[in-house]
Amino acid sequence: RIPAETWEALRLQVGVSDERQMEIRFGEAPGEYEMLPTGLGDVELQAHAYNQNDILYSNKLRVRIVEPFDVVPSTLALLPGQTFELTVLGGPTSEDAGSA
């Protein structure tokens, strides 16, 4: 764990491959970030920090942003042996399955 006083010296930054699809904001604590999707599709996130004269890069993280989804009905009580059909609205499509 990196002590809080070290974060400023590291000048940690998080970047996104497409700023039209995701906004990155500083979090409340040092080294904490919020990722806010603003569009749909795939983006890559990568962090970098400075160590004296060098720049250290993280691995890239691929993130798929999909439509918000909802399950209807949102609450349901079933007795043992009963069945019920739920509807899913939004979310990933069948084309998204297995393509991450």
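Colleague: How many helices and how many strands does the chain have?

Modeller: This is a predicted model, in which local features need pLDDT of at least 70, side-chain atom pairs count only at pLDDT 80 or more, and totals for chains, interfaces and linings use all residues. Residues are numbered from 1 along each chain as its sequence is written, and side-chain values use heavy atoms, with hydrogens and water left out. Taking helices as DSSP runs of H or I with at least four residues and strands as runs of E with at least two, the chain has 1 helix and 8 strands.

Colleague: Which pattern does the chain follow along the sequence, and what is its radius of gyration?

Modeller: Along the sequence the pattern reads α-β-β-β-β-β-β-β-β.

Colleague: What share of the residues counts as buried?

Modeller: Buried means under 20% relative accessible area and exposed over 50%, with partly exposed in between, using a 1.4 Å probe and protein chains only. Of the 100 residues of the chain, the buried share is 15%.

Colleague: Which residues form the aromatic pair, and is the pair stacked or tilted?

Modeller: Rings of Phe, Tyr and Trp (its six-membered ring) pair if their centres lie within 6.5 Å, and planes under 30 degrees apart count as stacked, over 60 as edge-to-face and the rest as tilted. F26 counts as exposed at 60% relative accessibility, whereas Y33 counts as buried at 19%. With 5.4 Å centre to centre and 35 degrees between the planes, the pair is F26 and Y33, and it is tilted.
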